[in-house]
Amino acid sequence: MLKINFMQFPSPVSIQWIAELIDAKLIGNSNGFATGINEIHKVEKGDLVFVDHPKYYDKCIHSAASFIIINKDYEVPDGKALLIVDHPFDAYCKIVNHFRPFEPCSKNISDSAIIGEGSFIYPNTFIGNHVRIGKNCIIHPNVTIMDHCIIGDQVIIQPGTVIGSSAFYYNSKKDRELWYKKMPDCGRVIIEDFVEIGAGCTIDRGVSHDTIIGKGTKMDNMIHIGHDTVTGKNCLIAAQVGIAGVVTLEDGVTLWGQVGVSKTLTIGENAVIYAQSGVGGDLEGGKTYFGSPVQDARIKTKELVWVKRIPELWEKVMGKSH
Amino acid sequence: MLKINFMQFPSPVSIQWIAELIDAKLIGNSNGFATGINEIHKVEKGDLVFVDHPKYYDKCIHSAASFIIINKDYEVPDGKALLIVDHPFDAYCKIVNHFRPFEPCSKNISDSAIIGEGSFIYPNTFIGNHVRIGKNCIIHPNVTIMDHCIIGDQVIIQPGTVIGSSAFYYNSKKDRELWYKKMPDCGRVIIEDFVEIGAGCTIDRGVSHDTIIGKGTKMDNMIHIGHDTVTGKNCLIAAQVGIAGVVTLEDGVTLWGQVGVSKTLTIGENAVIYAQSGVGGDLEGGKTYFGSPVQDARIKTKELVWVKRIPELWEKVMGKSH
Amino acid sequence: MLKINFMQFPSPVSIQWIAELIDAKLIGNSNGFATGINEIHKVEKGDLVFVDHPKYYDKCIHSAASFIIINKDYEVPDGKALLIVDHPFDAYCKIVNHFRPFEPCSKNISDSAIIGEGSFIYPNTFIGNHVRIGKNCIIHPNVTIMDHCIIGDQVIIQPGTVIGSSAFYYNSKKDRELWYKKMPDCGRVIIEDFVEIGAGCTIDRGVSHDTIIGKGTKMDNMIHIGHDTVTGKNCLIAAQVGIAGVVTLEDGVTLWGQVGVSKTLTIGENAVIYAQSGVGGDLEGGKTYFGSPVQDARIKTKELVWVKRIPELWEKVMGKSH
């Protein structure tokens with residue numbers, strides 16, 4: 001699958017017009033035209049990006065992007081423009097929603113969906129607005145694919161699976177009547193070529209990026225994938241695994257059944273996680289892990305043996321009278 | 001959301017007629033008219049309730065309820081009536097089913113369903129008989145809402161979710177060919193205002209009460225909620241959590257991913273349960289818990305450290321030769 | 001439910017024709033006619049079976065089966081024939097697929113599906129080609145039943161459940177671009193009489209056999225059952241349990257919520273597994289188990305107490321200064 005931009009504008013858009021839309025202070029090259037919006041690791045000349053954390057200011061401003069939405073007055077490199085606002089993510093969502101407004105869809109398969117040659121869509125499946133499905137796919141019954149999601153070639157999606165559900169992502173304040181307020185989610189789900197997804201899975205769309213299932217990855221039934229999570233190529237994910245938001249699985253990762261993976265972490269290439277493990281932090285690739293909380297599988301296995309030895313130790317120290 | 005009665009009769013019903021319907025011995029005020037059926041914590045004058053456990057006899061008879069289905073001859077307070085039967089729950093179900101008989105529904109959206117202004121129902125969704133959906137809700141594709149369930153205002157239900165599935169509730173006898181016999185479930189599911197429910201969730205209807213999701217509670221994907229379970233306001237429930245039947249989550253409870261909660265227990269206000277924990281008994285509010293079986297999170301964390309120290313202890317006691 | 005053959009041919013098929021279809025060397029009774037294909041524990045005279053592991057050669061050849069697809073030249077008993085090929089499973093799938101070719105289905109309920117008297121099918125449910133549903137069943141909305149599956153009498157299938165999804169079964173080679181290649185799955189799902197299946201479950205079809213849910217078994221919501229798994233009669237399976245492929249649950253097994261069961265193992269009659277346990281090997285019947293990895297529940301319970309005693313032990317050995 002070729003590189004997929006986060007958002008390509010239908011035609012280049014005046015950066016002044018965008019600055020007005022989001023009520024931004026525009027500095028630098030104020031006569032430019034933006035060609036699209038992109039994630040920082042994908043940006044090209046002409047792209048618009050946003051950054052709201054000082055840690056990423058430099059990286060973002062010196063990336064290939066031409067236009068940067070930012071919450072700080074900063075030195076502008078030649079030919080670029082900054083759009084200064086208090087809340088870059090809100091501004092970013094406003095632009096995305098302007099170009100991808102909510103459109104109701106009252107048909108099973110939206111007229112704006114594009115379905116490739118040789119793909120078969122079973123009945124009772126919903127395919128939303130602007131969805132693109134590649135060639136030779138099988139989309140089983142009772143599947144839901146929400147607006148703007150992209151499915152590659154040779155993909156199988158089994159019954160009851162949901163692609164592009166809204167992110168579990170809230171602004172939380174406990175001094176108001178309603179503690180949790182839904183935050184916008186501007187991203188999509190992208191399923192690359194040769195991916196197979198089991199029955200009853202749910203894959204949330206991205207908040208600020210796209211959620212991506214990498215080429216050749218195979219998923220069993222009832223797997224949950226959170227927003228903005230990216231899996232590499234050739235991952236193998238067994239049934240009932242849950243992966244929270246903004247996780248990276250590098251290529252060739254194997255997760256056995258009922259594993260849980262916490263948010264914003266990375267599991268390295270070819271790592272194997274045994275069933276029912278709970279992953280709470282980054283894991284180095286090339287190793288095998290087990291337990292909740294997860295450990296190197298050999299260490300965890302030894303630990304299980306050590307626990308069995310407590311009675312012997314007790315008897316030695318305390319005597320028989322326990 | 002206003003108080004929702006368990007069942008309001010279309011017009012007041014003669015208690016004599018009810019006594020005949022369920023073959024009960026009627027004592028006390030036999031000329032009364034019942035206005036509805038209610039749960040014990042909601043009853044008002046005119047209501048009918050049932051009680052079958054001696055522990056609750058007094059509470060029930062001295063509640064605001066006017067009519068009590070009971071399995072014991074008991075002193076009747078002035079103006080009230082007792083309906084004495086061997087099996088109060090069966091009698092109760094018989095009345096409920098009389099007023100809410102099974103009605104097949106062969107349309108996607110039943111003609112008797114009521115959908116509030118500003119609510120959008122996606123295609124491929126089933127909405128059963130007598131369902132009420134409030135204002136400004138979004139019900140996504142491939143959702144199922146079974147008969148009599150009530151959805152408040154500003155509710156979002158994501159794709160593939162099931163509201164009002166039948167309870168997992170059986171009479172069990174191992175000396176017959178079929179060990180498990182389905183018990184009736186007379187309750188509904190009530191989703192209060194501003195609740196958001198993720199994709200692929202299942203919420204069972206109540207057996208003797210209603211299953212209730214409290215105002216402002218947010219649920220991630222693939223969460224299972226058992227029959228008669230009640231969550232408070234502003235609870236936050238992460239993906240793949242399973243909650244058995246007759247559980248109470250008080251206000252502001254947070255359950256992280258893949259937590260399991262056993263039946264008939266209470267988790268106190270603002271308690272936080274870490275991912276993959278297993279809750280087997282009541283938990284006090286205001287604390288943080290972890291583990292399977294669950295413990296106070298600080299105690300569990302220390303325990304994990306203690307286990308790591310066994311080898312050192314072993315070496316000290318047994319010497320190096322293990 | 002009567003014995004259900006894996007595959008009965010429409011009329012007896014010349015074994016020479018079959019040998020040609022799968023390009024096999026035919027030895028022994030080359031003039032016979034096969035009446036069907038069966039699993040080794042169900043075979044009768046006239047049946048065709050396959051065997052590819054030396055461990056099962058003898059059992060297979062001396063079974064009631066008349067025709068054996070095998071990957072070794074072997075002595076043929078009188079009246080039988082061997083069909084020798086390099087890859088018996090592939091040959092077997094070729095025959096199955098010849099008689100059960102993929103047929104697209106563009107209607108909610110296939111014209112070739114047979115639905116028994118008194119069964120009610122809710123809207124938005126998909127019922128595939130050649131599905132058979134018995135009498136007095138209730139199939140709720142948004143259910144998917146894929147081709148060739150068989151549902152007995154008095155079965156309840158709750159909303160959103162998937163019967164007959166494709167197996168999670170791959171040929172794995174890490175020296176090619178796509179590591180995992182889908183293997184054929186030739187089996188079906190058979191749901192016996194009086195089974196009740198909750199909402200949001202997924203039951204994969206068999207690879208070389210049928211996946212079977214035994215008579216009177218009751219399943220709660222969101223349960224995953226892998227390919228070729230067979231449950232006995234009167235099993236009770238709570239919500240969010242996951243069972244991998246080729247597992248045998250004997251009669252009367254109880255699995256509490258969120259239990260995980262690894263592949264190709266057997267859980268003995270009347271065993272009880274507590275919630276969140278992880279089963280990695282065979283378990284003897286009549287006992288109660290707990291833990292991940294699972295142990296006899298009494299041993300696990302004692303172990304939990306032993307862990308609590310480490311600090312006391314430490315203090316005794318090391319003194320207070322930890």
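**Note on a predicted three-chain model**

1. Helix α5(A) passes α5(C) in a left-handed crossing, meaning that the near helix is turned anticlockwise from the far one by less than a right angle, clockwise being right-handed. The axes of these two helices come within 11 Å and cross at roughly 40°; axes are lines fitted to C-alpha atoms, for helices over the stretch in contact, and angles run from 0 to 180 degrees between N-to-C directions. Helices (H or I, at least four residues) and strands (E, at least two) are DSSP runs, numbered from the N terminus.

2. The model is predicted, and local features need pLDDT of at least 70, side-chain atom pairs count only at pLDDT 80 or more, while totals for chains, interfaces and linings use all residues. Residues are numbered from 1 along each chain as its sequence is written, and chains are lettered from A and ligands numbered from 1 in the order in which they are written.

3. Which residues join α5(A) to α5(C)? On the α5(A) side they are Ile310(A), Leu313(A), Trp314(A), Val317(A) and Met318(A), and they meet Ile310(C), Leu313(C), Lys316(C) and Val317(C) of α5(C). Residues are in contact if their C-beta atoms, placed from the backbone, lie within 7 Å. This helix contact has 8 nonpolar, no polar and 1 charged residues. In this classification Ala, Val, Leu, Ile, Met, Phe, Trp, Tyr, Cys and Pro are nonpolar, Asp, Glu, Lys and Arg are charged, and the others, Gly among them, are polar.

4. For α5(B) (residues 310-318) and α5(C), the packing angle is about 40° and the axes are 11 Å apart. The crossing of α5(B) over α5(C) is left-handed. Here Ile310(B), Leu313(B), Lys316(B) and Val317(B) meet Ile310(C), Leu313(C), Trp314(C), Val317(C) and Met318(C).

5. The axes of α5(A) and α5(B) come within 11 Å, crossing at roughly 40°, and the crossing is left-handed. Ile310(A), Leu313(A), Lys316(A) and Val317(A) contribute from α5(A), with Ile310(B), Leu313(B), Trp314(B), Val317(B) and Met318(B) from α5(B). The contact of α5(A) with α5(B) divides into 8 nonpolar, no polar and 1 charged residues.

6. How are the copies arranged? Chain A is superposed on chain C by a rotation of 120° with 0.0 Å of shift along its axis (RMSD 0.1 Å). The two copies are therefore related as by a three-fold rotation axis. A rotation of 120° with 0.0 Å of shift along its axis likewise superposes chain C on chain B (RMSD 0.0 Å).

7. The contact between chains A and C takes 35 residues from chain A and 37 residues from chain C. On the side of chain A that touches chain C, helix α5 (residues 310-318) gives the most, with 6 residues. That side comprises 18 nonpolar, 14 polar and 3 charged residues.

8. Chain C contributes 35 residues to its contact with chain B, and chain B contributes 37 residues. Helix α5 (residues 310-318) of chain C gives the most to the side of chain C that touches chain B, namely 6 residues. This side of chain C has 18 nonpolar, 14 polar and 3 charged residues.

9. Chain A holds 5 helices and 34 strands, and its C-alpha trace spans about 85 × 50 × 45 Å along its principal axes. Of its 322 residues, 53% are buried; buried requires 20 or more other C-beta atoms within 10 Å of the residue's own, exposed 12 or fewer, and partly exposed lies in between, with C-beta atoms placed from the backbone.

10. In the largest nonpolar core, of 223 residues, Ile68(B), Ile69(B) and Leu83(B) touch the most other members. Such a core is a set of buried Ala, Val, Leu, Ile, Met, Phe, Trp, Tyr and Cys residues joined through C-beta atoms within 7 Å. Beyond its neighbours within four places in sequence, Leu83(B) has contacts that include Ile18(B), Ile22(B), Leu26(B) and Phe67(B).

11. His130(C) occupies the loop between β9 (126-127) and β10 (132-133) of chain C. His130(C) counts as partly exposed because it has 16 C-beta neighbours inside 10 Å. Not counting residues up to four places away in sequence, His130(C) touches Ser112(C), Ala113(C), Asp147(C) and His148(C).

Key. Contact = placed C-beta atoms within 7 Å. Least-squares fit on C-alpha atoms with pLDDT ≥ 70 in both.
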